[in-house]
Amino acid sequence: MKILSQTVAVLFALIFIGALGLGGYYAVEHITALFLGMDPQVATVTGVASVVVLLAALLVASSIRQASKQNRTNQFQADKAATYKLFINTWSSLLRERAGRVSHGAAPLPDALQTLHQSLALYGSPAVIKAHAALRALLKESGTQNPELLKSQLAKALLEVRKDLGSDTRGLTTEAL
């Protein structure tokens, strides 16, 4: 069955390539006939103008393609920066909120963390996602008994965020953050 389907696929590919070749042959023959019917000087100018217009169209298309790609990249970077801003705001407010009260066990996480999970899944780098997971695990197991440990882990996560956004992290320590 597999051999039959491969044979049919190869046959269709050969027919398609043959049709393209035959169509190309007739197109070149038709264009040649048009140019032979013209005055030689007019044919030369028409040929050069056609090539120039074709090259200009290719250049414009290439520029549009490049601009579109750059726009998509910029939009992705903006979404990533917004996600990381949400990451910092959510964890900072969560740590401030939890630092004021003593908890026996992990309290339910706010809805902002759910939004953060979804955004990180779409835009976060693997290192930042791992740092977020480590923060979640640390919060779950230690609660508010050790806020310094949570702050230290958040500082490590901030270093990963800075690396992913392309910020310089040389000489920057978690203590400085």
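**The nonpolar core and its surroundings**

Author: The largest nonpolar core of this predicted model has 17 residues. Those with the most contacts inside this core are F87, W91, L116, L120, L135, L150 and L154. Four helices each supply at least two residues of the core: α2 (40-99), α3 (111-123), α4 (126-142) and α5 (147-165). In soluble globular proteins, nonpolar side chains tend to be buried together.

Not counting residues up to four places away in sequence, L116 touches T83, L86, F87, T90, W91 and H132. Two of these partners, F87 and W91, are also among the core residues with the most contacts inside the core.

The helices α2 and α5 are also linked by charge. The side chains of K80 and D164 meet in a salt bridge, with an N to O distance of 3.2 Å. K80 lies in helix α2 and D164 in helix α5, so this pair ties together parts that are 84 residues apart in sequence. K80 counts as buried, at 9% relative accessibility, because the cut-off for buried is under 20%. D164, with a relative accessible area of 22%, is partly exposed.

By the rule applied here, the count comes to 2 salt bridges. The other joins the side chains of E160 and K163, at 3.8 Å from N to O. E160 and K163 are 3 residues apart in helix α5, so about one helical turn separates them. Both count as partly exposed, E160 at 25% relative accessibility and K163 at 47%. As a general point, side chains of opposite charge can pair when their charged atoms come close.

M1, L4, V8, L11, F12 and I15 make a nonpolar surface patch of about 710 Å². V8 has its place in helix α1 (residues 2-36) and counts as partly exposed, at 36% relative accessibility.

For the setting as a whole, the protein has 5 helices and 0 strands, and its elements run α-α-α-α-α from the N terminus on. Of its 177 residues, 20% count as buried. The accessible surface comes to about 12,600 Å², and 66% of that area belongs to carbon and sulfur atoms. Among contacts between residues at least 6 apart in sequence, 56% join residues at least 24 apart.

Technical notes
Residues are numbered from 1 along each chain as its sequence is written. This is a predicted model: local features need pLDDT of at least 70, side-chain atom pairs count only at pLDDT 80 or more; totals for chains, interfaces and linings use all residues. Side-chain values use heavy atoms; hydrogens and water are left out. A nonpolar core is a set of buried Ala, Val, Leu, Ile, Met, Phe, Trp, Tyr and Cys residues joined through side-chain atoms within 4.5 Å. Buried means under 20% relative accessible area, exposed over 50%, partly exposed in between (1.4 Å probe, protein chains only). Contact means heavy atoms within 4.5 Å. A salt bridge is a side-chain nitrogen of Lys or Arg within 4 Å of a carboxyl oxygen of Asp or Glu. Patches are made of residues with over 30% relative accessible area and no salt bridge: like charges are joined within 9 Å, nonpolar side chains (Val, Leu, Ile, Met, Phe, Trp, Tyr) within 5 Å. Accessible areas come from the Shrake-Rupley method with a 1.4 Å probe; for residues, only the protein chains shown count as cover.
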